[in-house]
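The following questions and answers go through a few local features of one protein model. Please look at the sequence and the structure first.

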Amino acid sequence: MSRILLLDDEPNVVFALQRLLRRSLPASVKVEGFDNPLQALARTDVVSFDVVVSDFRMPQMNGVQFLGKVRDKQPQAIRMILSATTEVETIMTAINDVEVFRYLTKPWQEGELVSCVKLALERAQKNLQERKAVDEMRVRQNDLSAQEAEKRRLEEQEPGITHVEWGPNGEVLMPGLDEDPVN
């Protein structure tokens, strides 16, 4: 199953993008939309995404800042920007600072957008296969333990699954019910 995260500060844009992608992509591709970058970042702590598409101009942070945080958490995610901004400096920053796969402009052309998202999904699958092949080779060469390879695989599928906080007496610490597990 592949996952796509969409972020735009305008809820109507998020709904339109979700509707288009759900209609155009196989049912095995899960599309999640957000209009708040902090909520979207919190979701990346829980779920691994293959493709992340972000608006550029948003009130809390711009798309380059958001995608930079996503890259830090999920470097394997293919990053894209969808924006009405066509300033060369903005585009260069997106490409150079967060290595966006595509920079698409609003209003988007449905066919072009779907085609670019499909290409991004294909790139994500190819990158995953390459990472698996490299890890398998490193295990065979004893450069990586089988346990570490499995830990990497699990962490990529479910971010945070391998991280455990221990208490002073060896107990596993769980976040409290009133605490925000993201922070």
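Q: At the start of helix 3, which residue has a side-chain oxygen that reaches to the backbone nitrogen of Val 64?
A: The model is a predicted one. Helix 3 covers residues 63-73. The backbone nitrogen of Val 64 has a side-chain oxygen within 2.9 Å at the start of this helix, and that oxygen belongs to Asn 62.

Q: Which residues of helix 3 are buried?
A: Buried residues have under 20% relative accessible area. What covers those of helix 3 includes strand 1 (2-7), helix 2 (37-44), strand 3 (51-54), strand 4 (78-83) and helix 4 (88-98). The buried residues are Gly 63, Val 64, Phe 66, Leu 67, Gly 68 and Val 70.

Q: At the start of helix 2, which backbone nitrogen does a side-chain oxygen of Asn 36 reach?
A: Helix 2 has Pro 37, Ala 40, Leu 41, Ala 42 and Thr 44 among its buried residues. Their cover includes strand 1, strand 2 and helix 3. At the start of the helix, the side-chain oxygen of Asn 36 comes to within 2.7 Å of the backbone nitrogen of Leu 38.

Q: In strand 2, what is the bridge partner of Leu 6?
A: Strand 1 and strand 2 (residues 29-34) run parallel and are joined by six bridges. For Leu 6, the bridge partner in strand 2 is Gly 33.

Q: Which side chain does Arg 3 join in a polar contact of 3.0 Å?
A: Arg 3 is found in strand 1. Leaving aside its neighbours within four places in sequence, Arg 3 is in contact with residues including Lys 30, Glu 32, Arg 43 and Asp 50. The polar contact of 3.0 Å joins the side chain of Arg 3 to that of Glu 32.

Q: Is Val 172 buried, exposed or partly exposed, and what is its relative accessible area?
A: Val 172 is found in strand 7 (residues 172-173). With Val 164, Trp 166 and Met 174, Val 172 forms a nonpolar patch on the surface, with about 460 Å² of accessible area together. Partly exposed lies between under 20% for buried and over 50% for exposed. Val 172 is therefore partly exposed, with a relative accessible area of 45%.

How values were computed: Residues numbered from 1 in each chain as written. Predicted model: local features only at pLDDT ≥ 70, side-chain atom pairs only at ≥ 80, totals over all residues. Heavy atoms only, no water. Patch = residues over 30% accessible without salt bridge, like charges linked within 9 Å, V, L, I, M, F, W, Y side chains within 5 Å. Areas by Shrake-Rupley, 256 points an atom, 1.4 Å probe, with all protein chains shown as cover. Salt bridge = Lys/Arg side-chain N within 4 Å of Asp/Glu carboxyl O. Helix = DSSP H or I, 4+ residues; strand = E, 2+ residues; numbered from the N terminus. Buried < 20%, exposed > 50% of the residue type's maximum accessible area, 1.4 Å probe, protein only. Contact = heavy atoms within 4.5 Å. Polar contact = N/O pair within 3.5 Å; in protein donor to acceptor, adjacent residues only side chain to side chain. Pairing = 2+ DSSP bridges.
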